[in-house]
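Work through the exercises below with the structure open. Each task is followed by a stepwise solution.

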Amino acid sequence: MSLPHAILTALLEKPSSGLELTRRFDRSIGYFWSATHQQIYRELGKLEQAGHIRALPTAAPSRGQKKDYEVLPAGRAELTDWVRRSEDPKPIRDALLLRLRAAAVVGTEGFADELRRHLALHRAQLEEYLGMEERQFPPERDSEADRLRHLVLRGGIELERFWTGWLAEALAAFDDLDRRKPDC
């Protein structure tokens, strides 16, 4: 149920078209809640039918013209209720962890290369997040909204630091396992 809430949040930040929302998801929200172009448009239709958003009036409506959407009071109320609800954390569901568990049964040949690839990807993502932090959150940006958005980014930074540290530890364990293998 979180995609409609992500869209409501984005539209409250700035009324946008579906295409603009897709681009904003690619640049920010998508780092922690991804959605395809089709999913966003489908949800926009559902939100409009539910009376949570409306398309802003245009000067000359025509077929295929981009529609900008804004959140209606019912949509703001839904988002407010959702923010206040209690929700338990979701269990981790990560294929790499499952594949590592499987490697313990079927063997680890070639898996260290996959761990190195993941480490490089997480290091790159960490660098991207750190760059975003530097560009988007200079010390003078200190409004409540900025501080909360910065906290979201800090969460992403800390997750990437976790993954880079854990992957380095896993690779060290693989190196240790290789050293202990008897020579054939």
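**Exercise 1.** In this predicted model, find which residues of α1 are buried, and what they pack against.

Solution.
Step 1. Apply the cut-off for buried, under 20% relative accessible area. Ser2, Leu3, Pro4, His5, Ala6, Ile7, Leu8, Ala10 and Leu11 of α1 are buried.
Step 2. With 9 of its 12 residues buried, α1 is therefore largely enclosed by the rest of the structure.
Step 3. The packing partners of these buried residues are β1 (16-17), α2, α3, β2 (53-55), β3 and α4 (73-84).

**Exercise 2.** Determine how the axes of α1 and α2 cross, and which residues make the contact.

Solution.
Step 1. Helix α1 covers residues 2-13 and helix α2 residues 18-27; their axes come within 11 Å and cross at roughly 105°.
Step 2. Angles of 65 to 115 degrees count as roughly perpendicular, so α1 and α2 are roughly perpendicular to each other.
Step 3. On the α1 side the contact is made by Leu3, Ala6, Ile7, Ala10, Leu11 and Glu13, and on the α2 side by Leu21, Arg24 and Phe25.
Step 4. Sorted by class, this contact has 7 nonpolar, no polar and 2 charged residues.

**Exercise 3.** Describe the largest nonpolar core and the elements that contribute to it.

Solution.
Step 1. The core has 17 residues, of which Ile7, Leu11, Leu21, Phe25, Ile40, Leu44 and Ile53 touch the most other members.
Step 2. Two or more residues each come from α1, α2, α3 (37-49) and β3 (68-71).
Step 3. α1 gives the most, 6 residues.
Step 4. Another core, of 9 residues, lies apart from this one and includes Leu96, Leu115, Leu167 and Phe174.

Key:
Residues numbered from 1 in each chain as written. Predicted model: local features only at pLDDT ≥ 70, side-chain atom pairs only at ≥ 80, totals over all residues. Heavy atoms only, no water. Axes fitted to C-alpha atoms, helices over the stretch in contact; angles between N-to-C directions. Helix = DSSP H or I, 4+ residues; strand = E, 2+ residues; numbered from the N terminus. Parallel < 35°, antiparallel > 145°, perpendicular 65-115°, else oblique. Contact = heavy atoms within 4.5 Å. Nonpolar A, V, L, I, M, F, W, Y, C, P; charged D, E, K, R; others polar. Core = buried A, V, L, I, M, F, W, Y, C linked by side-chain atoms within 4.5 Å. Buried < 20%, exposed > 50% of the residue type's maximum accessible area, 1.4 Å probe, protein only.
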